[in-house]
Amino acid sequence: MHNQTTTRCSMLKLFTVSFGLLLLSGCASYGVIDNAELTTESTSQPYSIRALAGKGGSGDIALTLAFSGGGTRAAALAYGVMEELRDTTVVIDGQPRRLLDEIDNISSVSGGSFTSAYYGLYGERIFEDFKDIFLTRNVESELLHGLFNPLQWFSSKGRTEMAVKLYQEEVFHGATFADMQRKGAPLIVINASDLGYGVRFSFVQEYFDLLCSDLSSFPVARAVAASSAVPVLFNPVVIEDYHDCALTGKPEWMENSEKRAANNPALAQIIRGLETYSDKSGRDYAHLVDGGITDNLGLRALYDVMALSGGPQMFLKDAGRKPPRYTMVISVNASTDPEPVMDKSNKQPSIAETIGSMSSVQLHLYNDTTIQLMQQSLSQWAQAVSTPERPVTSYFVKLGFIDFAQPEQRRFFNAIPTSFSLSEEQVDRLVEAGHELLRNNSDYQRLLADLGGAVTPVK
């Protein structure tokens, strides 16, 4: 309890100091522009959905992970799920394969993006050093230390640049998206929110094409900082929308999507947001913040990709792969539902409590709608690509703290705050929770049984 109180105070202190320094300085801050213009001389293989989707596994299993937001809590829970996939072996075409090696794509927001990006860059090294480098690290304390530096008080670069510098030097070691292209690595889709237009923005070359920009040289640390930049507490990450585009007109996939959107309201909404980047007379920059604002589960981005691709048949055609026999989406949801303290007294709730409760209600309602959408869509996508000779079976694995049967477990995890400073006990229990939740999930057990295996639930 003492650690939880300390962590909450740390977040409040970080916010108070940030806001106080902003008032004291009275200076405008400007985003550092770090995205390069796309030119005809750009030779790097694009970090794109078209080039990389579906290249990670054997082809018989299409396995996609979605990591939610939630600070270190989300990063640790996702890490535990990754360990469980590493430790699970199935038999495909007579050959044993780890489910970790079957991952095709990982979509992530906010805290979950630290785990996805680190795995995308370094593979199984994540199981050797990620705990020390990030999970058990007191990131908040390091950021607070930077805020107290007098040189920062009058800086025009903004508070987010401290976070970018820390992530760049201590976590991702100067890596860019060109470094993400490890052989056999899954496609990592890091998601942020466009503060000006409410658009979900994914760090893939398809989206950077709309900006006339080259993603390959863009720092991974800056993308993760954008994905986790809580508004007000952190400044937006700013990227430039270049006007002199090396592309001739709109990308073909965009034009095709516009045609299909005529009779598809959901697709039309996505297109309206993306078209703002093509309006070179209307905007020069995009201000990116926490991806959890537009999709705290990382699932909507997957839906957007399929919609913009023209459906599962076109997606598979563009990816150059045949329909898988099994398709699974694992949603790792680290959102919490703590008991409201206000209901223990007739004292009027504070403004912070009121805003927090309102935000929590909206978050859970939106999460529920997103999960329902993905469950239905995944089943429809599997049916659309199934044939009598090669039926496709779908599995939607939904993991969250609500799945724990024991009230003590639920209370413990729901009390862990959204922060970047957790105790070693909290991190260890979150990692084990990832193992336990996945291992006990009925849809996950169904996949293992269909592959001729079995799993023993944790008591």
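This is a predicted model: local features need pLDDT of at least 70, side-chain atom pairs count only at pLDDT 80 or more; totals for chains, interfaces and linings use all residues.
View 1. The chain has a mean pLDDT of 85, and 81% of its residues score 70 or more. Residues 1-14 stay under 50, though the model still gives them 22 contacts beyond four places in sequence. The stretch 19-26 is also below 50, with four contacts beyond near neighbours in sequence.

**View 2. The largest cavity and its lining.** Searching the whole structure turns up three cavities of 30 Å³ or more, and the largest has a volume of about 430 Å³. Its lining is made up of 28 residues, and those nearest the centre are Thr64, Asn105, Met306, Phe315 and Thr327. At least two lining residues come from each of the strands β2 (61-67), β5 (103-109), β6 (187-194) and β11 (326-332), and likewise from each of the helices α13 (300-309), α14 (312-319) and α15 (351-385). Helix α15 gives the largest share, with five residues. Sorted by class, the lining holds 21 nonpolar, five polar and two charged residues.

**View 3. Where helix α17 meets helix α18.** Here α17 (residues 424-440) packs against α18 (residues 442-450) at an angle of about 65°, and the axes are 5 Å apart. On the α17 side look for Leu438, Arg439 and Asn440, which meet Ser442, Tyr444 and Gln445 of α18. This contact between α17 and α18 brings together two nonpolar residues, three polar and one charged.

Technical notes: Residues are numbered from 1 along each chain as its sequence is written. Side-chain values use heavy atoms; hydrogens and water are left out. pLDDT is the predictor's confidence in each residue, from 0 to 100. Contact means heavy atoms within 4.5 Å. On a 1 Å grid over the protein atoms alone, a cavity is a set of points where a 1.4 Å probe fits but cannot get out, and a pocket is an open set with protein on both sides within 12 Å along at least five of seven lines; lining residues have an atom within 4 Å of a point. Grid points are joined across faces, edges and corners, and a volume is the space filled by probe spheres set on the points. Helices (H or I, at least four residues) and strands (E, at least two) are DSSP runs, numbered from the N terminus. Ala, Val, Leu, Ile, Met, Phe, Trp, Tyr, Cys and Pro count as nonpolar, Asp, Glu, Lys and Arg as charged, and the others, Gly among them, as polar. Axes are lines fitted to C-alpha atoms, for helices over the stretch in contact, and angles run from 0 to 180 degrees between N-to-C directions.
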